[in-house]
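Please load the model in a viewer and keep the selection panel at hand.

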Amino acid sequence: MSTFHATTIFAVQHSGQCAMSGDGQVTFGNAVVMKHTARKVRRLFQGQVLAGFAGSVADAFTLFELFETKLEEYNGNLQRAAVELAKQWRSDKVLRKLEAMLIVMNKDNLLLVSGTGEVIEPDDGILAIGSGGNYALSAGRALKQHAGEHLTAKEIAKAALDVASEICVYTNDHIIVEEL
């Protein structure tokens, strides 16, 4: 049975700024675009945390809810909430079957959270997930490396998704960017 998938999230920390971008495409199986304007990047914990997902849409919503619960439980401590989510996700028989990944960030931290128990903080302040993730990651790294103070984090996040949308058939150019 085919499933709904939503793809390409990019996040960057640059010059003291943070931004996350996501495209709007939701694909059914491998051949049908079901929606062009999905919102895959959300503000959580009183607007202090950004979270973005790639993968199965229903699974991602479940993870958003669980992560927000963990944020509340640990009073906004992003790292602790991410670790606790990853532990629960990996150890629970039902949650273990979820097919999605999350990028979460606040002003100080940027993390990738997966169902296999990983919580990864990048060395360079850039993360990307989803089918267009590698394209966005490459573009974002080049932009950040050569931007200096000429581009903001928001501009880098938008441009990285623009590049991915031109290359990846599962990524469209209806881009949402949130910044902290």
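The stops below begin with the overall fold and end at individual side chains and backbone angles.

The model is predicted, so local features need pLDDT of at least 70 and side-chain atom pairs count only at pLDDT 80 or more, while totals for chains, interfaces and linings use all residues. Residues are numbered from 1 along each chain as its sequence is written, and side-chain values use heavy atoms, with hydrogens and water left out.

**Whole chain**

Helices (H or I, at least four residues) and strands (E, at least two) are DSSP runs, numbered from the N terminus. The C-alpha trace spans about 45 × 40 × 25 Å along its principal axes.

Next, colour by accessibility. Of the 180 residues, 52% count as buried; this means under 20% relative accessible area, with exposed over 50% and partly exposed in between (1.4 Å probe, protein chains only). Among contacts (heavy atoms within 4.5 Å) with a separation of 6 or more, 62% are between residues 24 or more positions apart.

**Helix H1**

Select residues 57-73, helix H1. Its 17 residues should span 24 Å at 1.5 Å a residue, and the end C-alpha atoms are 24 Å apart, which agrees. The expected span is 1.5 Å times one less than the number of residues. Buried positions in H1 include Val57, Leu63, Phe64, Phe67 and Leu71, as well as the charged residues Asp59 and Lys70.

**Helix H2**

Select residues 78-91, helix H2, and find glutamate 84 within it. Is glutamate 84 buried or exposed? At 14% relative accessibility, glutamate 84 counts as buried. Leaving aside residues up to four places away in sequence, glutamate 84 touches Lys70 and Tyr74.

**A last loop**

Finally, select glutamine 46, in the loop between strand S6 (41-44) and strand S7 (49-56). Glutamine 46 has a positive phi of about 55° and is not a glycine. At 65% relative accessibility, glutamine 46 counts as exposed.
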